[in-house]
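This briefing is meant for a reader who is meeting the structure for the first time. Please look at the sequence and the model before turning to the notes, which are grouped by topic.

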Amino acid sequence: MKIAVSIFSFLTILIGTILFMQFQVYSDNLDSTEKGYRYSQEIEIVYRGESLDIRQHFKNLPNEELMIEWPKTSINPDCFIENEHSCARLSEDSTKFNAGETRAQSISYVIPLTDGLQSRKLMKNVFATLKKGDVQFTTVHISTGKEVKGQWVTGLPLIGEQNLSLVNYSMFSGEGPVKDLFWQDGDFALQNEVGAVSIYSRTPLKAAFYEKLEKVNFINDEYLAVINGTNVDGIDGFRMLFVPDATVAKVQRNILITQLEATYEFGDSPYWLKELMASFLTGTVFGTEKTKEVAATITGQLTDGQLTDWRERLRALEGKKVSGELLDKELSEILGASTKYISMNAQSEKSYPFLYNDPRHLYVNSEKQPAVQVVLKDGEVLYGADLLLESIGYDVSIGEHGYYAVSETREFRFPHEPGFYVFNQRRYNTASLPVKQVAGQYFIEESWLQRLFLVDIKKTEDRIDITAP
């Protein structure tokens with residue numbers, strides 16, 4: 001094994017020298033241009049049959065106390081003496097790096113593998129991290145015995161591999177952290193890289209797949225590994241997506257939703273809301289029919305300048321909890337008029353039409369009625385009929401022959417078909433519908449409300465007052 005380790009070290013120097021010259025310049029530039037707790041790391045992994053022996057080198061460390069978060073499954077946490085300064089800041093209990101001028105520190109630990117290296121087993125959170133730190137750049141070296149035949153995946157770009165007489169060696173390197181490891185035996189391999197996406201598969205994918213994938217827009221360029229297949233636990237890894245029977249549509253959806261969930265908080269918002277945001281952020285509509293319909297409707301309401309503003313506002317929501325109500329607020333500000341289009345669609349299984357909502361507070365006989373909707377549709381002002389008519393003393397119901405509103409002295413029936421209404425058993429012809437359905441709800445038109453129900457309506461900048469006898 002000493003020979004294997006020597007070869008491993010030689011390969012590390014041979015393959016990594018040029019890359020790490022660039023990496024050190026990258027790290028120094030980061031530190032000189034940006035303030036904050038950022039660091040870079042190099043990780044060496046040796047598989048020894050029943051364990052992963054790991055050496056982790058932290059670089060570009062700030063001069064402050066840094067707490068170490070060891071992997072939960074790790075044993076034998078220790079200093080790795082690479083040089084006389086490599087453990088100078090490590091505390092006696094190995095829980096932290098003390099403040100100090102030394103910018104590079106090294107540790108070692110072991111991840112036991114009870115059943116050895118298992119194919120298609122995703123190993124989660126196997127690396128140490130520094131609490132509250134932001135990893136800017138990572139390089140990973142993996143060495144196994146010659147008899148171990150298979151492919152490693154880390155979520156970082158694969159830089160190179162070497163198969164020597166005693167050792168198989170892989171090197172990954174790129175921006176950002178690494179948390180998980182995946183290994184699969186046999187002829188599973190990296191098939192291709194398209195932009196910031198690497199595709200791993202047992203069988204090669206057709207050229208047309210990559211041609212279509214090149215045309216797909218993503219939200220950001222953070223590197224991701226897409227595995228055409230599954231793992232034994234049926235879960236995705238950090239920067240690793242498992243897509244069985246991969247198609248371009250599946251890869252597009254999985255990557256976009258993953259990128260969104262890493263950037264925004266959605267809570268219990270419906271899935272299609274994520275597709276809607278991804279469609280606008282990438283400029284490519286995809287997803288369910290509802291997503292496509294809502295996206296097309298919103299686009300139809302916006303000028304080119306407003307559409308650009310809409311996309312910029314969506315990007316500015318990074319880190320916030322996204323809901324239909326929040327998106328409505330942003331959309332309303334762009335349009336200069338209030339709408340609840342997105343939130344109403346989020347609450348409804350069926351498609352809800354685009355309506356403008358009057359944002360003013362509604363009062364009936366001086367009592368606030370926050371649940372009564374006031375909307376503008378096709379040039380008409382419509383009031384939510386059920387709650388409003390009940391608030392002025394009518395019992396409302398829906399029967400076989402139409403919509404009924406009944407008080408002690410007045411009785412109305414508004415039939416489902418246009419052309420007339422019935423008041424106190426007498427029919428009156430009309431050219432328009434006083435009461436109509438919008439998205440399954442009944443509304444009464446403003447002028448008919450005044451004429452038939454004898455109400456007085458006064459409007460100010462912030463309120464609507466309805467006075468009924």
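**Strand 16 and its partners**

Strand 16 and strand 17 (residues 240–242) pair in the parallel sense, and three bridges link them. The model described here is a predicted one, and the mean pLDDT of the protein chain is 91.

- From strand 15 the chain passes through helix 2 (residues 207–214) to reach strand 16, which makes a β-α-β crossover that is left-handed.

**Strand 9 and its partners**

- Strand 9 (residues 134–145) is mostly covered, with 11 of its 12 residues buried.
- Strand 1 (residues 38–47) pairs with strand 9 in the parallel sense over nine bridges, and in this pairing Glu 44 stands opposite His 141 in strand 9.
- Strand 12 (residues 167–175) pairs with strand 9 in the antiparallel sense, likewise over nine bridges, and Val 167 in strand 12 is the bridge partner of Gly 145.

- Five strands, in the order 23-24-25-26-27, form an open sheet whose pairing is antiparallel.
- Strand 23 (395–399) and strand 27 (426–429) are the edge strands of this sheet, and each of them pairs on one side only.
- Neighbouring strands of the sheet are turned against each other by 20° on average, with direction ignored.
- Strand 24 (residues 402–406) and strand 25 (residues 411–414) pair in the antiparallel sense over four bridges, and Tyr 404 stands opposite Arg 413 in strand 25.
- Helix 10 (residues 446–453) packs on the sheet, where it touches strand 24, strand 25 and strand 26 (420–423), and its direction makes about 150° with that of strand 25.

**Confidence in the model**

- Of the residues in the protein chain, 92% reach a pLDDT of 70 or more.
- Over residues 10–15, however, the pLDDT is below 50, and this stretch has 11 contacts in the model beyond near neighbours in sequence.
- Residues 17–35 likewise stay under 50 in pLDDT, and for them the model has 22 contacts beyond four places in sequence.
- Where pLDDT is low, predicted coordinates should not be read in detail.

How values were computed: Residues numbered from 1 in each chain as written. Predicted model: local features only at pLDDT ≥ 70, side-chain atom pairs only at ≥ 80, totals over all residues. Heavy atoms only, no water. Pairing = 2+ DSSP bridges. Helix = DSSP H or I, 4+ residues; strand = E, 2+ residues; numbered from the N terminus. Axes fitted to C-alpha atoms, helices over the stretch in contact; angles between N-to-C directions. Contact = heavy atoms within 4.5 Å. Buried < 20%, exposed > 50% of the residue type's maximum accessible area, 1.4 Å probe, protein only. pLDDT = per-residue confidence, 0-100. Right-handed = clockwise from strand over helix to strand, strands pointing away.
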